[in-house]
Amino acid sequence: MTNPETVAGHGGSPSIATPDYWWYVARADLLETALRSHVEGAGLALDLGSADGPSASWLRDAVQRTVSLDIDPRGLGSDGVCGSALALPFPDAAFDVVSAFDVIEHCEPEATALAEVRRVLRPGGRFVMSVPAYDWAWSDFDVANGHHRRYTRARAVAAVEGAGFTVQRVTHGFASVFPMFAAERLARRLRRRRAHGAADIVAVPSVPKPVNAALLGLSRLDRVVLARGDLPFGSSVFVAATRRD
C-alpha cells in the first residue's frame, strides 16, 4: 500500500559518507549470511541502488562480475550506470543475478520495478532483495527516505511471486535489536513528528562509538541464527528468488 504522505525526490544514501555506521555494517553481514549461497559463483550481476557499496561489497566477491545502477550518480564508480529501476537500460535476459537492497520500497509502481528485474534476468536467474518491515513502523523517517511502503514477509513474497519469481528463502533481519527499533518507532508516533517530504540525503543518527559497537555486536547474534535458519521477526525482510520461465 502506498502511503499518501510519500513524496518523490529522495536522493543518495547517507552510507556514502558514513559507511561505518552500525546498521550499514550489520546489514552487509546479515545479507551475506542469508543470501550469499543463492548467488555464489554466478556470472554477471546487476546491483540496483546500492552503488555506495556497504550493502553489496560481499556480492562483488560472490559473483564473477557486477554492474551497479543508481538513480543518484554520487556513489557510482567507473562501472556504474545512472538510471532508474523503473526503466532499466539493459537488454532482456542480460544478467544472472539482480540485487536490490532497500530499493524496491522506493519504487512506484512496485510492479513495474519487479517486472524490470524479471525482464533483465535470464530464465532461472536469481533475484535477492531486502526491504523494510511492518506497516505499523511507518514514520516521518520513511517519508524523508522516499519510501512508498513497508513489508511483511507475506507481502514481500506475494509481490515477488506475482512478478514471475519462485521464492527460495524469506526471512527477517535485525531481530536482536528489534525491541529498540520498536520503541524508537513508538516514540516517533507519540511525538507525532510531522512528515515534511522526501529529503535529498537523510543524515544517520549520531551514535556514540560504544553504542555503535554494542548495536553491531547485538546484530551479530542474528548472523548465528541466519546461518542455520530464518528469523521470525525483525525490522528488515530478506528474499531470495529465481525467475520462472
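This briefing describes the sheet, the nonpolar cores and the aromatic pairs of one protein structure.

The model is predicted: local features need pLDDT of at least 70, side-chain atom pairs count only at pLDDT 80 or more, and totals for chains, interfaces and linings use all residues. Residues are numbered from 1 along each chain as its sequence is written, and side-chain values use heavy atoms, with hydrogens and water left out. An open sheet of 7 strands is present, and the largest nonpolar core has 39 residues.

**Sheet**

- The strand order is S3-S2-S1-S4-S5-S7-S6, and the pairing is mixed; strands (E, at least two residues) and helices (H or I, at least four residues) are DSSP runs numbered from the N terminus, and two strands pair if DSSP finds at least two bridges between them.
- Strand S3 (80-82) and strand S6 (165-173) form the edges, each pairing on one side only.
- From one strand to the next, the twist averages 15°; axes are lines fitted to C-alpha atoms, for helices over the stretch in contact, and angles run from 0 to 180 degrees between N-to-C directions.
- Helix H5 (residues 153-162) packs on the sheet and touches strand S5 (121-132), S6 and strand S7 (236-243), where contact means heavy atoms within 4.5 Å. The direction of H5 makes about 155° with that of S6.
- Strands of a sheet pair through backbone hydrogen bonds, either parallel or antiparallel.

**Strands S1, S2 and S3**

- Strand S2 (residues 65-70) runs parallel to S3, and 3 bridges join the two; Leu69 has Val81 in S3 as its bridge partner.
- Strand S1 (residues 44-48) pairs with S2 over 5 bridges, also in the parallel sense, and Asp47 stands opposite Ser68 in S2.
- Of the 6 residues of S2, 5 are buried, that is, under 20% relative accessible area; exposed means over 50% and partly exposed in between (1.4 Å probe, protein chains only).

**Nonpolar cores**

- A nonpolar core is a set of buried Ala, Val, Leu, Ile, Met, Phe, Trp, Tyr and Cys residues joined through side-chain atoms within 4.5 Å.
- In the largest core, the residues with the most contacts inside it are Leu46, Leu48, Val98, Phe127 and Met129.
- Beyond its neighbours within four places in sequence, Val98 is in contact with residues including Leu46, Leu48, Val117 and Phe127.
- A second, separate core has 28 residues, among them Leu30, Ala62, Ala175 and Leu215.

**Aromatic pairs**

- The structure holds 14 aromatic pairs; rings of Phe, Tyr and Trp (its six-membered ring) pair if their centres lie within 6.5 Å, and planes under 30 degrees apart count as stacked, over 60 as edge-to-face and the rest as tilted.
- The ring centres of Trp58 and Phe101 are 5.9 Å apart with planes at 35°, so this pair is tilted.
- Because Trp58 lies in helix H2 (residues 57-62) and Phe101 in strand S4 (residues 95-101), the pair ties together parts that are 43 residues apart in sequence. Both Trp58 and Phe101 are buried.
- Tyr134 and Trp136 form a stacked pair, at 5.4 Å centre to centre and 20° between the planes. Tyr134 is buried at 13% relative accessible area, whereas Trp136, at 40%, counts as partly exposed.
- Tyr21, Trp22, Trp23, Tyr24 and Phe174 are linked into a cluster by ring pairs.

**Ser130**

- Ser130 is found in strand S5 and is buried, with a relative accessible area of 0%.
- Not counting residues up to four places away in sequence, Ser130 touches several residues, including Leu31, Phe101, Asp102, Glu105 and Phe238.
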